[in-house]
Amino acid sequence: MANTPWQQRIRRAEQLAEQHPFTAEILGFYLHVGGFQQKLSQQLQSVSISAPAGQTPDLLSDQPEFPELLNSFPQFLSLVEEKAPVRFAQTARQVHNSAAADWFELLNHCWSANERPPAAPRDFLAFAFLQPYAEFVRSRVPLHLEGYTHSLCPFCNRKPVLGILRQQGDGGRRSLLCGFCLAEWEFRRIVCPACGEENNAKLPVYTAESFPHIRVECCDVCHTYIKSIDLTKNGLAVPLVDELASLPLDLWAQEHGYEKLHPNLFGM
Ligand SMILES: [Zn+2]
Ligand SMILES: [Zn+2]
């Protein structure tokens with residue numbers, strides 16, 4: 001049985017790679033990244049933490065466990081060099097060959113640059129590497145979500161990477177998920193999370209036969225989109241992984257002039 005969230009994600013990636021052969025390359029890479037993230041996450045849990053929980057560091061160096069974190073970065077870069085699609089592999093090699101001070105700068109930039117989603121391949125490396133750490137730090141801070149109605153992550157202020165629909169009464173309620181610290185918070189269903197548009201007619205939703213449980217929720221006012229994973233249609237879905245696997249929906253949306261609210265781990 002898949003127990004930890006990491007094991008569930010890895011198991012789901014294996015299933016989806018079999019179901020959708022065109023995703024095999026990206027999900028194959030995800031299996032390696034997920035395995036690494038799982039190990040890093042376990043390491044962080046086991047490190048004894050002298051600083052009191054409940055503080056959110058502005059910079060990574062504020063956290064005493066940072067030496068362990070930085071020490072595992074070269075290992076992550078090696079993994080990407082070996083297993084990633086060529087675009088990321090080349091970038092990982094370049095970063096690996098640069099000075100440790102540059103790594104620190106890259107990671108710190110990613111940590112604190114919450115206003116602009118990652119854009120260059122090196123930003124995604126940092127984002128994927130720091131993700132388990134962000135999740136770890138967030139898990140030590142109580143989030144007060146009651147009455148929270150914003151579309152930005154209540155912990156790290158980033159834009160959400162996906163939506164999740166869960167059964168509630170006769171319908172589904174939507175929540176948004178942060179792709180960095182993995183905070184999840186409720187958000188009204190018929191509102192554009194980018195510009196706040198509430199007119200149903202301007203918020204078209206598209207689905208495709210190959211992914212009946214994934215909705216491409218677009219906005220014709222600000223021309224952004226976000227994918228929502230409908231767990232009422234498929235209870236086996238693991239939102240983070242199903243989002244990655246439904247790459248053709250991103251290609252479709254982007255061909256039709258919509259820009260994603262926040263790219264996923266692999267820059268889509
Ligand atoms: Zn967040
Ligand atoms: Zn909008």
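Student: What makes a residue buried or exposed here?
Tutor: Buried means under 20% relative accessible area, exposed over 50%, and partly exposed in between, with a 1.4 Å probe and protein chains only. This is a predicted model, where local features need pLDDT of at least 70. Residues are numbered from 1 along each chain as its sequence is written, and side-chain values use heavy atoms, with hydrogens and water left out.

Student: Which residues of helix α9 are called buried?
Tutor: In α9 (residues 247–255), they are L249, D250 and A253. Helices here are DSSP runs of H or I with at least four residues, strands are runs of E with at least two, and both are numbered from the N terminus.

Student: Why do we say they line one face of the helix?
Tutor: Seen down the axis of α9, the buried residues fall within an arc of 100°, so they line one face. The arc is that of the directions from the helix axis to the C-beta atoms.

Student: How do you know which residues hold the zinc ion (ligand 2)?
Tutor: Donors are N, O and S atoms within 2.8 Å of the metal (3.2 Å for Na, K and Ca). The SG atoms of C192, C195, C219 and C222 lie 2.2 to 2.3 Å from the zinc ion (ligand 2), so they count as its protein donors.

Student: Why is the site of the zinc ion (ligand 2) called tetrahedral?
Tutor: Four donors count as tetrahedral if all angles lie between 85 and 135 degrees. The angles among the four donor atoms are 106 to 114°, so this site is tetrahedral.

Student: Is C219 called buried or exposed, and why?
Tutor: C219 has 1% relative accessibility, so it counts as buried. C195, at 38%, is partly exposed.

Methods:
Chains are lettered from A and ligands numbered from 1 in the order in which they are written. This is a predicted model: local features need pLDDT of at least 70, side-chain atom pairs count only at pLDDT 80 or more; totals for chains, interfaces and linings use all residues. Four donors count as tetrahedral if all angles lie between 85 and 135 degrees; four count as square planar and six as octahedral if opposite donors are over 155 degrees apart and all others between 65 and 115; anything else is irregular.
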